[in-house]
Amino acid sequence: MGPHTFINGIGQSLVSGTSIILRRPARFSFGAFLFALYVYFFIYHGSIGSGSRAQQPLQPQLDDIPPRIWQIFFGYTPLDDFAPALQTWISKNQDYSYTLMSDQGADDFARKHYADRPDILEPFLQLKFHVLRSDLLRYMILESEGGIYSDLDTVVDKSVRDWIPQDMRSKVHAVVGVEYDQLDREPYYGMNERIQFCQWTMASSRGHPIMKKIVKKVVAALNETAERNNTSIANFKPSDEEVVQVSGPVIWTHAVMEAMSEATGTEMSYHNITGMTEPRLFGDVLVLPIDGFGAGQPHSNSTRDEHQGPGDFFVRHQWKGSWKHGWND
């Protein structure tokens, strides 16, 4: 006998069958219904009282990394220079959408996605220096839409579907690769950190904490550096070192480390990453070892010859300097 039947049974046993008493069970059942409705809305919707926000999760549930490939071309050099590399992204990733973002498309994208964030939109629209625009744009694209970003002078060797080990796929919402690992050696010329992450290729879910963090950090660094140089963002022409620090691999590496520290509850550093030979998961961030995105380099135990080694090359950077084309524009 269910609870509702039991209550009606009690009501009918207390009185003989007068019409007034026989309506009591109906009243009680309606009250129980209202109470159940109250509990439902309180528990599942958190809509009662000022404490409703406490019912919400601390971190929103992220979607999977969407099957979207993004590249940027601002028209300052012939596109034919990059056509063979570009074609690998399309042919190796059938069923993925592909977007080649133009200079005008970048402004349209920013206005669409950052209309309610003038602290981000206005500095971006003011930027004229192509390298800074390209750096900030890639972060904004992945924060707003998610997917995979890669520079035009990169060749993809394996489908994006193969980047994440099968047993990790449900857990990964961002993918980064090691660009430089000092190991136990002297610092390599031009490298600023003992560990540095590739900035030419990256992937994430829409709204991933890394992307939220890096967009804010780059805009803050732009404002601070322009002010320090006594100029505006529109007229700012940074040195090579300033590019690396303001929007490039140094600030990117700092953002990744900070986000992984927050996700894992531990202070991430060089010691967590150095010497990696297999992909490792930190929170929901998959870190690929040097040959993931950084094969062919003269440091970090990178495999120099693409025909040697374990064959775990996902992306190869051709070092055509696409990031420096239009440097003085």
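1. Tyr-76 is partly exposed, at 25% relative accessibility (buried means under 20% relative accessible area, exposed over 50%, partly exposed in between, with a 1.4 Å probe and protein chains only). Phe-74 is buried, at 8%. The ring centres of Phe-74 and Tyr-76 lie 6.4 Å apart with planes at 75°, so this pair is edge-to-face (rings of Phe, Tyr and Trp, the last by its six-membered ring, pair if their centres lie within 6.5 Å; planes under 30 degrees apart count as stacked, over 60 as edge-to-face and the rest as tilted).

2. The model is predicted: local features need pLDDT of at least 70 and side-chain atom pairs pLDDT 80 or more, while totals for chains, interfaces and linings use all residues. Residues are numbered from 1 along each chain as its sequence is written, and side-chain values use heavy atoms, with hydrogens and water left out.

3. The structure holds six aromatic pairs. In one of them, Trp-163 and Phe-293 have ring centres 5.1 Å apart and planes at 65°, so the pair is edge-to-face. Trp-163 sits in the loop between strands E4 (154–156) and E5 (174–181), and Phe-293 in helix H12 (residues 290–293), 130 residues apart (helices, H or I of at least four residues, and strands, E of at least two, are DSSP runs numbered from the N terminus). Both Trp-163 and Phe-293 are buried. Together with Trp-89 and Phe-314, Trp-163 and Phe-293 form one aromatic cluster.

4. Two arginines have their charged ends over rings: Arg-133 over Phe-74, 5.5 Å from the ring centre, and Arg-194 over Tyr-270, 3.9 Å from the ring centre (the criterion is NZ of Lys or CZ of Arg within 6 Å of the ring centre and within 35 degrees of the ring normal).

5. The whole structure has 11 salt bridges (a side-chain nitrogen of Lys or Arg within 4 Å of a carboxyl oxygen of Asp or Glu). One of them joins Arg-68 and Glu-145 at 2.6 Å, N to O. Arg-68 is in strand E1 and Glu-145 in the loop between helix H7 (130–144) and strand E3 (147–150), so the bridge ties together parts 77 residues apart in sequence. Arg-68 is partly exposed at 29%, whereas Glu-145 is buried at 18%.

6. Arg-117 and Glu-143 also form a salt bridge, with their closest N and O atoms 3.1 Å apart. Arg-117 lies in the loop between helices H5 (103–113) and H6 (118–126), and Glu-143 in helix H7, 26 residues apart. Glu-143 is buried, with a relative accessible area of 7%.

7. Lys-213, Lys-217, Glu-258 and Glu-262 belong to one network of salt bridges that share partners.
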